[in-house]
Amino acid sequence: MSATLSNHQAIDLRESTIRELNAVLQSEDVTGSWLVSHPEGRHSIAVGLTAPIDIIIDGQAGYYAGGMNQHANLVIKGNAGPGVAENMMSGSVRIEGNASMAAGATAHGGLLVIEGDAGARCGISMKGVNIVVRGSVGHMSAFMAQSGNLVVCGDAGDALGDSLYEARIFVRGTVKSLGADCEEKDMSAEDLQILRGLLEEAGITEYSAEHFRCYGSARRLYNFHVDNAAAY
Amino acid sequence: MSQSKNTPPRTTPRFSATFDQFTISEIQRAAATGIYDIRGAGTKRKLPHFDDLLFLGASISRYPLEGYRERCDTDVVLGTRFAKKPIRLKTPVTVAGMSFGALSAQAKEALGRGASAVGTSTTTGDGGMTPEERGHSSILVYQYLPSRYGMNPDDLRRADAIEVVVGQGAKPGGGGMLLGQKISPRVAKMRNLPEGIDQRSACRHPDWTGPDDLEIKIEELREITGWEKPIYVKVGASRPYYDVSLAVKAGADVIVLDGMQGGTAATQEVFIEHVGLPILSAIRSAVQALQDLGMHRKVQLIVSGGIRSGADMAKALALGADAVAIGTAALIALGDQSPDLAEEYAKLGTVPGAYDDWQEGRDPAGITTQDPELASRLDPILGGRRIANYLSVMTMEAQAIARACGKSHLHNLEPEDLVSLTMEAAAMTKIPLAGTDWYPGKNGF
Ligand SMILES: Cc1cc2nc3c(=O)[nH]c(=O)nc-3n(C[C@H](O)[C@H](O)[C@H](O)COP(=O)(O)O)c2cc1C
């Protein structure tokens, strides 16, 4: 445990079970800062939290870390498994390493920051969350994304934004291919402002918003029509 | 007259069994519109079903119980495997998941009132939980679907049980569908979608695939809700032996098995009619899977798909289910297909008994609609009363059969109480053909 973390309340996952950890972090009167040591890839770390507490996970997290989070702020010092911050409502989750597939899946709110790369389906079905990825994202990212913003400072894989609804996607690098009904949009002043705000909130200073492109829904698949049959 | 003498005799017009009138109209419809037909309700073809089974009743070797006097209990406890707070139903028939969106708020309220009055549960659907349905349902099962529309941890904690939906009998392998006419401002807001779009929900969960992931997902849901709530897994009937085995392995408390007769709010006709198994053919192998794992009655099995009466319920229980669920029958009890609406159905090009354009949102009974005027025709209190009546009748019918078979609890009904009327039913259920002790495959094919 590093010295800067010494005033945290500590839970060691070599000694406590996931149930014990979550029961403590979910309890009604929980406050302050927490350090979870030896996570060692365990699943469902710090899920279903409701209090505005700070948590550091000192290592690698398995599936669904920070799932359905409300108000809490999580930092994962290592990599995160599939579905990190899935269905998050508010608060924040920051991953210092890479994230596996479906990061931020269906999340409604809050901020998800991935310092490394994210795997396939990052932001799948997102419903209002903001996701900022310092690296690249895999294929089918923002699939069926409904609302919120996905910011990718690196590159995006195949079929970005397939069957997109009203979410916005910003990419600084290359996009391997766009998914059905996703198209590049002109970056409006409002888009730029949102993007700047998100980069700042995520603590990303090395990239300027002007160097990103903006993608959104062409809204051609919103209603069934024979001319779109190939896309169904 | 004289002319007819010279004209050779003609045969009468003859319709093709292959190209029957419905098939012809469907080809004509497809050619005119270029899009597949989407409709509500379940399959309409004749399938092997519970009607193909009969109860034997008591005889010299088995004595019956006195109707009305001797007890025949009906209660069932669901979620005894892992949940700290299992669910207790007074009668083993529950109301299946149907979304606010597919149904009006009034219909949801009526279902909640009716189910609560008889001590059973209702279920949310592909669209989230409304405060009204929570308020009016004393036991509410919250569906966790691929779309995750309206999914939030507060509602998860407010629910009495959680149902992870993998599939639905009307469309195993298909996602939800709600056409633009029903995406009203409130429905759009709950689902976080633009108003008026044709919503096509995902068919696969966004953050897990396969049984190993499902196990981790179930554990996450338990962690979020403190291991209190029973977790159901709902599958459409397709590979019931394996699906049930895998759901048990993944940690389900309860398995919901929905046959192809199961209703839907909106699905492609081709999907409804051509994918999945009739529920009759799926129960035996689902029960077999539970028995092989030593989990029968420990992981409870709820079956659905075309359940209409206490007889259907009793037969499902005798085959080894712990409870049944109803969708379509509950809507009919509320007033769907009512002859009183004949004139209005005529305007929609249909007749009472055949109305299935539930996707259009123009239901004159106010059930499958989001139109405020139409929805207001349904009185939730009266509707609740009708649901309660119907559920009570189903229960009493099942009890009448169980007593006749000498059973003091509905769950004591067993395969030995049944015979099959058809070879198909005998083969599917391993219940001997009436008058024989044989079913196809009994001594090897
Ligand atoms: C109008 C309507 C809406 C439905 N919506 C859902 C849904 O949101 N989620 C789900 O799992 N099943 C849904 N179903 C299927 C039911 O939960 C249930 O499986 C089926 O109705 C049972 O068969 P039955 O209609 O023959 O009783 C719906 C069914 C109907 C009729």
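Helices (H or I, at least four residues) and strands (E, at least two) are DSSP runs, numbered from the N terminus; two strands pair if DSSP finds at least two bridges between them. Strand β5(A) also pairs with β4 (residues 73–76) of chain A, again in the parallel sense and over four bridges, and here Ile76(A) stands opposite Ile95(A).

Strand β5 of chain A spans residues 92–95, with Val93(A) and Ile95(A) on a covered face and Ser92(A) and Arg94(A) on an uncovered one.

## Basis of the values

Local features of the predicted model need pLDDT of at least 70 and side-chain atom pairs count only at pLDDT 80 or more, whereas totals for chains, interfaces and linings use all residues. Side-chain values use heavy atoms, with hydrogens and water left out, while residues are numbered from 1 along each chain as its sequence is written, and chains are lettered from A and ligands numbered from 1 in the order in which they are written.

## Interface of chains A and B

Chain B contributes 42 residues to the contact and chain A contributes 38 residues, contact meaning heavy atoms within 4.5 Å. About 3200 Å² is buried between the chains, and carbon and sulfur atoms give 57% of this area. Buried area is the accessible area (1.4 Å probe) that two parts lose on being put together, summed over both.

Three salt bridges are found across the interface, a salt bridge being a side-chain nitrogen of Lys or Arg within 4 Å of a carboxyl oxygen of Asp or Glu. The side chains of Glu223(B) and Arg19(A) meet in a salt bridge at 3.1 Å, N to O. On the side of chain B that touches chain A, α5 (153–158) and α7 (210–224) of chain B each supply at least two residues. The largest share, eight residues, comes from α7(B).

## The open sheet of chain B

Chain B has an open sheet of eight strands in the order β5-β15-β14-β12-β11-β8-β7-β6, with parallel pairing. Its edge strands, each pairing on one side only, are β5 (93–95) and β6 (122–123) of chain B. Within the sheet, β7 (residues 140–144) and β8 (residues 161–165) of chain B pair in the parallel sense over four bridges, and Tyr144(B) stands opposite Val164(B) in β8(B).

Thr264(B) lies in the loop between β12 (254–258) and β13 (267–268) of chain B. Thr264(B) counts as buried because its relative accessibility is 5%; buried means under 20% relative accessible area, exposed over 50%, partly exposed in between (1.4 Å probe, protein chains only). The side chain of Thr264(B) reaches the backbone nitrogen of Ala266(B) at 3.3 Å and makes a polar contact with the side chain of Thr267(B) at 2.7 Å.

Helix α11 (residues 310–318) of chain B has eight of its nine residues buried, so it is largely enclosed by the rest of the structure. Among the buried residues are Met313(B) and Leu317(B). The helix is followed by Gly320(B), whose phi is positive, near 120 degrees.

How values were computed
A polar contact is a pair of N or O atoms within 3.5 Å; within protein, one must be able to donate a hydrogen and the other to accept it, and residues adjacent in sequence count only if both atoms are side-chain atoms.
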